[in-house]
Amino acid sequence: MTEQKVAVVTGASSGIGAATARRLAAEGFEVVLTARRTDRIEALAKEIGGRAHTLDVTDRAAVDAFAAGLDRVDVLVNNAGGAIGAETVENGDPADWLAMYEVNVLGVLHMTQALLPGLRASGDGTILVLSSTAAITAYEGGGGYVAAKHAAHTIAATLRLELCGEPIRVIEIAPGMVRSEGFAVTRFRGDEEKAAAVYAGVAEPLTSEDIADTVAWAVTRPPHVNIDLLVVRPRAQAANHKVHREL
């Protein structure tokens, strides 16, 4: 009988992370949910039969302790991240840029470094980085987030080169417009009106479940198949700057 594979999902308390945890559990993985909001991940872990671990991915000591407590890991989904603000580069707050860099970039680095030995030992490991179309194309008002996601994209691309020949796949999923819980509200510092305007007139933005479906498909391909980079957008979005709105 094959031992159950283990998937670690960061930022699993809401949105894409929570949807991914549910979907991977449905695919037969034992899911280890990590996030800072203990109550949310504990409730979700109970729902899907997974394990919850309160974790801030920017805290390296905590990440190392978490990794040391894992007896197995087959898949790492680096989902934790987010955007803060929509100011121009000229008016951006360096503190916001630093916060975005720490979670979107260093968080990926910490988790990947800490879990690499376990992924390697599995004999068939997968590292998945959830970046963004911001990792590929810049846009006005997105400087700090674009810079952070470009860095996350570069981590994935570099890892793929460095781990070539080892039993570890490196996958990057780059979503476009996703109406996920809290993302736009956080970006606009709690301004619900500005957050809603992002999706105004767009008939069907992507959902968290759409991205979770993509993640599950990518990580369940045969071991010799690597999905290097998969860009996922709603049909209404042809590019970051080209969105069809029915107003």
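Hi everyone, a definition to start: helices here are DSSP runs of H or I with at least four residues, strands are runs of E with at least two, and both are numbered from the N terminus.

Some housekeeping first. This is a predicted model, where local features need pLDDT of at least 70 and side-chain atom pairs count only at pLDDT 80 or more, while totals for chains, interfaces and linings use all residues. Residues are numbered from 1 along each chain as its sequence is written, and side-chain values use heavy atoms, with hydrogens and water left out.

Now the overall picture. The protein chain has eight helices and nine strands. Its radius of gyration is 17 Å, close to the 18 Å from the globule rule for 247 residues, so the chain is as compact as a globular protein of that length. For that comparison, the radius is taken over C-alpha atoms, and the rule is 2.2 Å times the number of residues to the power 0.38. The C-alpha trace spans about 55 × 40 × 35 Å along its principal axes.

On to burial and surface. Buried means under 20% relative accessible area, exposed means over 50%, and partly exposed is in between, using a 1.4 Å probe and protein chains only. Buried residues account for 47% of the 247 in the protein chain. The chain exposes about 11900 Å², with carbon and sulfur atoms supplying 53% of that area; the areas come from the Shrake-Rupley method with a 1.4 Å probe.

What about contacts, meaning heavy atoms within 4.5 Å? Among contacts between residues at least 6 apart in sequence, 69% join residues at least 24 apart.

From the record, the unreviewed UniProt entry lists residues 5-181 as "domain: Ketoreductase". Positions are in the numbering used here, feature names are shortened, and such annotations may be inferred rather than shown by experiment. That span is 46% helix and 18% strand, and its end C-alpha atoms lie 28 Å apart.

Back to our opening residue: is Phe-66 buried or exposed? Phe-66 is buried, at 3% relative accessibility. Not counting residues up to four places away in sequence, Phe-66 touches Val-8, Val-32, Thr-34, His-53, Leu-55, Met-111 and Leu-115. As for His-53, its C-alpha is 7.9 Å from that of Phe-66, and the two are 13 residues apart in sequence.

Let's move to helix H4, residues 94-122, where we find Pro-94. Pro-94 is exposed, with a relative accessible area of 64%. Glu-102 lies in helix H4 too, and is partly exposed at 32%. Leaving out residues up to four places away, Glu-102 touches Thr-58 and Gly-107.

Arg-189 is in the loop between helix H6 (183-187) and helix H7 (192-197). Arg-189 is partly exposed, at 47% relative accessibility.

Where is Asn-240 found? Asn-240 is in the loop between strand S8 (237-239) and strand S9 (242-243). Setting aside neighbours within four places in sequence, Asn-240 is in contact with Thr-133, Ala-134, Thr-137, Tyr-139 and Arg-233. By C-alpha atoms, Asn-240 and Leu-55 are separated by 32 Å, and they are 185 residues apart along the chain.

Methods
Contact = heavy atoms within 4.5 Å.
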